[in-house]
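Student: Please give me the overall layout where you can, and then take a close look at a single part and its neighbours. Plain description will do.

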Amino acid sequence: MSSNGPPGPYDQVPAAQIPKATQTTSAQSADTAGMDRRAALRVGATAAMALGSVGLALALRDRGSEKKTRALPTIKDHRAEKPAGATDMAIARGPDPAANVRKVIEALGGMGRFVRRGERVVIKPNIGWNRTPEQAANTNPDVVGEVVRLVVAAGAGKVWLTDASVNTAEQCFARSGIEKAAKAAGATVIRPDASAFREVNVSGKLLRTGDVLFPFVEADRVINIPIVKQHGLSLASMSLKNWYGVLGGQRVKLHQNIHLSIIDLAAMVKPTLTIMDATRILLANGPTGGSLADVKQMDTIAAGSDEVALDAFGATLLGLNPNDVGFIVEGMKAGLGTPQWQSLKTVELGG
Amino acid sequence: MRIFIFVVLAFIPPAFIGWMIQQGHRAPAQVAVAAGKPRASGAEADKTLLELFQGELGGAKIKDKVGLYDEKGLFDYIDGAAPIFIQRHYRKLAAAEMASADGADMVCDVYDMAEPANAESIFNAEKSATAKPVTDFPDAISGPMSFVFRSGRYYVKLTAFDAKAEAALPGLAKALKGKMK
């Protein structure tokens with residue numbers, strides 16, 4: 001406001017008060033009062049233009065994306081209800097990966113806790129890389145085969161197995177040994193061809209929409225089977241990071257804020273069960289690996305429904321403090337689980 | 001004064017519209033790349049890079065084609081390992097699946113790091129603690145199923161999938177290094 005005399009029409013006075021103020025200023029001439037009225041009208045018109053413009057800008061900003069996301073499908077929450085007193089997390093150690101899978105599932109209450117007769121189930125291993133099982137860049141095929149067998153035995157109506165490989169899918173699915181193991185156990189293997197993707201509403205902080213492999217849109221249950229490995233950018237790749245493999249398109253976009261992108265996708269999928277493969281873990285030069293010098297035999301499988309807890313446990317296998325891993329911290333903040341896996345009802349078997 | 005304030009108020013709406021639209025469509029921040037040395041010219045360097053795969057390669061043959069990956073494309077090949085190359089002023093990767101003389105599969109990745117210092121930096125950064133130096137092959141290490149070396153501005157990673165391919169890696173490495181002179 002001006003320091004001398006009455007407030008002028010463009011001083012910091014709310015536009016609605018200006019006419020009243022000018023009318024009560026007796027010292028002003030009629031001409032001045034007329035000019036002030038015109039000025040007040042100009043202010044009012046400008047303010048109206050500003051408000052209208054803001055509204056228009058907001059509409060332009062949001063209209064397209066809102067219209068689009070309204071029409072897109074949303075992936076449903078795949079989590080199963082936890083029976084009273086049930087085990088939250090199971091860890092098995094031993095030289096036979098398939099036996100370790102059976103032990104953890106039994107400790108959690110059996111596959112029937114997670115998959116009901118007739119349900120459609122999608123299983124998501126890491127098949128990202130043109131690497132052999134010994135190179136520990138992909139999920140162990142013996143683990144995948146055993147999970148498929150257990151899901152089929154639980155009476156699933158349909159079992160899909162898929163992943164959006166980073167390297168050429170044909171090479172990854174064959175070299176990893178996963179396609180062969182999954183087919184032998186009764187799964188329908190879906191390679192990530194362009195026709196296998198559906199656009200969905202991600203509704204994340206960073207990712208609004210995305211092209212997702214269709215079984216994740218259609219399935220009743222989702223089972224995540226990641227491998228534990230070091231990752232150059234996110235420090236580790238385990239349960240939460242494995243959801244990068246549901247998306248098509250250029251991956252460079254996902255890495256610009258990797259921890260939040262990971263959480264956006266994990267919050268979208270909400271799997272029924274996660275079985276984390278630490279049979280062999282990749283300690284360096286991940287996620288690609290290649291040299292067996294970077295691989296460590298751990299003979300460990302961990303399973304449960306809390307991906308944050310599983311990743312916190314997996315981080316310890318890599319020699320990491322879970323609190324230093326951004327996506328574990330962000331996952332906890334987003335309410336996806338707890339990094340305090342020891343606070344859960346946990347069963348450890350073998351070794 | 002009044003005219004000035006009027007002009008300012010009149011300027012706000014278009015400025016605000018521009019800002020709102022920019023917020024709505026703003027691309028995420030790019031991965032930080034430190035200021036670096038000038039890179040080799042594109043087309044000429046690409047040609048030189050691809051020529052490394054021509055001719056005799058220690059008995060190995062390219063199975064399909066040589067793929068070229070720039071900074072954006074690198075994420076589609078090595079995913080989250082890409083930033084450590086980009087931070088070191090990586091220029092381009094040429095990658096090919098190959099077969100040894102007896103038909104065993106292996107992968108050959110040649111990274112053009114633009115400058116020898118960058119190749120040395122990535123070689124040291126990726127060196128496995130348990131990998132062994134290679135006799136009579138300076139700046140090379142081998143681990144089971146792997147042979148890695150640097151030469152000039154190139155950083156080379158060779159990966160085998162079985163014992164037969166592993167035995168063929170040194171021959172392929174020697175042939176590639178010979179072409180890098």
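Tutor: Read along the sequence, chain B of this predicted model follows the pattern α-α-β-β-α-α-β-β-α-β-β-β-β-α. That chain has 6 helices and 8 strands. Of its 181 residues, 39% count as buried. Among contacts in chain B between residues at least 6 apart in sequence, 64% join residues at least 24 apart.

The close look is at helix 10 of chain A, residues 326-333, and the two helices described against it here. Two packed helices are described by the angle between their axes and the distance between the axes. For helix 9 (residues 307-317) of chain A and helix 10 of chain A, the axes come within 10 Å and cross at roughly 155 degrees. Angles over 145 degrees count as roughly antiparallel, so helix 9 and helix 10 of chain A are described that way relative to each other. The crossing of these two helices is left-handed. On the side of helix 9 of chain A, the contact is made by A:Glu307, A:Val308, A:Asp311, A:Ala312 and A:Ala315; on the side of helix 10 of chain A, by A:Ile328, A:Gly331 and A:Met332. By class, this contact has 5 nonpolar, 1 polar and 2 charged residues.

Helix 8 (residues 258-269) of chain A also packs on helix 10 of chain A, with axes that come within 9 Å and cross at roughly 45 degrees. That angle makes helix 8 oblique to helix 10 of chain A. Helix 8 of chain A passes helix 10 of chain A in a right-handed crossing. The residues in contact are A:His259, A:Leu260, A:Ile262, A:Ile263 and A:Ala266 from helix 8 of chain A, and A:Gly326, A:Phe327, A:Glu330 and A:Gly331 from helix 10 of chain A. Sorted by class, they are 5 nonpolar, 3 polar and 1 charged. A:Gly331 is listed in the contact with helix 9 of chain A and again in the contact with helix 8 of chain A.

Elsewhere in chain A, strand 7 (residues 221-225) has 5 of its 5 residues buried, so this strand is largely enclosed by the rest of the structure. A:Arg221, A:Ile223 and A:Ile225 lie on one side of strand 7 of chain A, and A:Val222 and A:Asn224 on the other. Strand 2 (residues 120-125) of chain A runs parallel to strand 7 of chain A and is joined to it by 5 bridges, with A:Val122 opposite A:Val222. Strand 10 (residues 273-282) of chain A is also parallel to strand 7 of chain A, through 2 bridges, and there A:Ile223 stands opposite A:Leu273.

Key: Residues numbered from 1 in each chain as written. Chains lettered and ligands numbered in written order. Predicted model: local features only at pLDDT ≥ 70, side-chain atom pairs only at ≥ 80, totals over all residues. Axes fitted to C-alpha atoms, helices over the stretch in contact; angles between N-to-C directions. Helix = DSSP H or I, 4+ residues; strand = E, 2+ residues; numbered from the N terminus. Parallel < 35°, antiparallel > 145°, perpendicular 65-115°, else oblique. Left-handed = near helix turned anticlockwise from the far one by under 90°. Contact = placed C-beta atoms within 7 Å. Nonpolar A, V, L, I, M, F, W, Y, C, P; charged D, E, K, R; others polar. Buried ≥ 20, exposed ≤ 12 C-beta atoms within 10 Å, placed from the backbone. Pairing = 2+ DSSP bridges.
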